[in-house]
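Subject: Structure for your review

Dear colleague,

Please find the structure below, together with a summary of the findings.

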Protein chains: 2
Amino acid sequence: MTEAAFIAVDWGTTNRRAYMMSGEGTVLKTERDDRGLTAVEPGRFGEEAAAIRQRFGDLPILCAGMVGSVRGWADAGYRPCPVTIDDLARQLCWVEPGRTAIVSGASHVDGQRGDVMRGEEVQLLGAVAAGLAPADSLLCQPGTHCKWAYMAGGRLERFRTTVTGELFALLRRHSLLADYLGGDVRPGAAFDAGLAAADEGALLGNLFGERASALLDLRDKADIAAHASGLLIGTDVREQRLTPGQNVQVLADPGLGDLYCAAIRYFGANAERIDSHAAFAAGIARIWSLAR
Amino acid sequence: MTEAAFIAVDWGTTNRRAYMMSGEGTVLKTERDDRGLTAVEPGRFGEEAAAIRQRFGDLPILCAGMVGSVRGWADAGYRPCPVTIDDLARQLCWVEPGRTAIVSGASHVDGQRGDVMRGEEVQLLGAVAAGLAPADSLLCQPGTHCKWAYMAGGRLERFRTTVTGELFALLRRHSLLADYLGGDVRPGAAFDAGLAAADEGALLGNLFGERASALLDLRDKADIAAHASGLLIGTDVREQRLTPGQNVQVLADPGLGDLYCAAIRYFGANAERIDSHAAFAAGIARIWSLAR
């Protein structure tokens, strides 16, 4: 059996995924739980790491994600674009010297607009390192916040984040539209109609239209959630001004990934879904081997 | 002294404004309170009307606004566009026969998209009836939901509602951006920079940029609220595709009205603020005189 060399932790705001890794970058075991930042009291991250070692073995730990923010274990900073995987490996933030480190995030400044990420940079650079995406490519990572990352020569050249997922959640929980957004969201006619509405470039008006169209019996109430999702995801994709035939690699699980792939194709580009966990494992293994 | 002829009530979701009116349409007295729909239990609207009569006199009452919705006193329906002030006067919903009536709302269907309003139609048609706006004009009513109404030959020809105000409130209360949106919102450099950002047509990305730009010290934290307001209001105005030099009458109080006027001018059109209370009084007086 291959020997475990280190533990990788993709440590986010609400969830956490730990990987037992071999020195060659093979994933030997994984474990997912809800011990994200919001579940850990300040000052108790060391105890969390000790608990992981009890289950996975007494190994070095390499973390990435929001655990490296001011609200996490320690502020691991941001590396400005362009960022290579070597940049990340050279500038780890050691929270337990020689034992536990956090990978920094990435930042990009375009004129007066700034952008930041934490954790996604490992997936992005890992996807290229593992050959899951070309060295020159556009990668899309949907989620609460969606990252659109341009890779060039294998580096993270620039990126842009959108609030699409957070906005849908806000509308679903707190808005006057909330009563109408309980339905299933899946690819299909209602989602496609939402994509077509997105193409009008009038999001603020079309969001009100979701409710009014149901009030006036123009649309089945059960379809509103999928239509609104198509409107939001379509608006997100439309903002990226993709060129016809452009290839986009989507790093996501099937559910949300399939919706983004449908939207990207609607706007004339090609979409391919790739495994975000495999990309993370490849990226963190590469950082580990470069940092040693 | 002019004799009071009826009581007009602009009865909304959270607020209510009562007007003692003369037969000639003069406002003799007004009163504003927070006895909107959400403050009144179902079935107790009659008691509310009786209390108004105790203060204003035993007069007929003519209401408009969300009080005419399924969650209000009674569903007063919607008149489909185009709507004239005579249409409204001819189809009052009498909740206390001969004593108390509610003006219907207005609806507009454009392809698969529906739109509705309640209360604004009285202001819009009243603005034209009172000569505050031309018979052929574009009127803008900012608020939780912003109405953009096209008047033609003095009729309400078509309109479109946007969720701009509601969205800003959601972001301010519940989003990851909430901590950054406590600052003042007023016309000025930060608001104007938000308008310029809106012109990029990338709202979902620029909303994330509000927070990231503060994290990276690219923007003063005190300016974020005004910048985000400019981004949202600018996006709203941009969606309307105004033509250069087009005139827009803005029905609003000074605070929000001035922000919309600044945004409309930024996008190349002319903006003039007009008094929404005067427009309501003119509209409801006209409906009253036509209905008698």
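The notes that follow cover conventions, domains, salt bridges and the relation between the chains.

This is a predicted model, in which local features need pLDDT of at least 70 and side-chain atom pairs count only at pLDDT 80 or more, while totals for chains, interfaces and linings use all residues. Residues are numbered from 1 along each chain as its sequence is written, chains are lettered from A and ligands numbered from 1 in the order in which they are written, and side-chain values use heavy atoms, with hydrogens and water left out.

Domains. Chain A is assigned domain 1 (4-130) and domain 2 (164-274); such bounds come from an automatic or database domain assignment. The centres of these two domains of chain A, taken over C-alpha atoms, are separated by 31 Å.

Salt bridges. Over all chains, the whole structure holds 36 salt bridges, a salt bridge being a side-chain nitrogen of Lys or Arg within 4 Å of a carboxyl oxygen of Asp or Glu. One network of salt bridges links Arg16(A), Asp33(A), Arg35(A) and Glu48(A).

Below, buried means under 20% relative accessible area, exposed over 50%, and partly exposed in between (1.4 Å probe, protein chains only). Helices (H or I, at least four residues) and strands (E, at least two) are DSSP runs, numbered from the N terminus.

- Glu41(A) pairs with Arg44(A) in a salt bridge, with the closest N and O atoms 4.0 Å apart. Glu41(A) is exposed at 52%, and Arg44(A) is partly exposed at 37%.
- Arg90(A) and Asp87(A) form a salt bridge at 2.9 Å, N to O. Both lie in helix H2 (residues 85-90) of chain A, three residues apart, about one turn of the helix. Arg90(A) is exposed at 61%, whereas Asp87(A) is buried at 17%.
- Glu200(A) forms a salt bridge with Arg160(B), the closest N and O atoms being 4.0 Å apart. Glu200(A) sits in the loop between helix H5 (189-198) and helix H6 (203-215) of chain A, and Arg160(B) in strand S12 (residues 155-162) of chain B, so this pair joins two chains. Glu200(A) is partly exposed at 39%, and Arg160(B) is buried at 19%.

Yours sincerely
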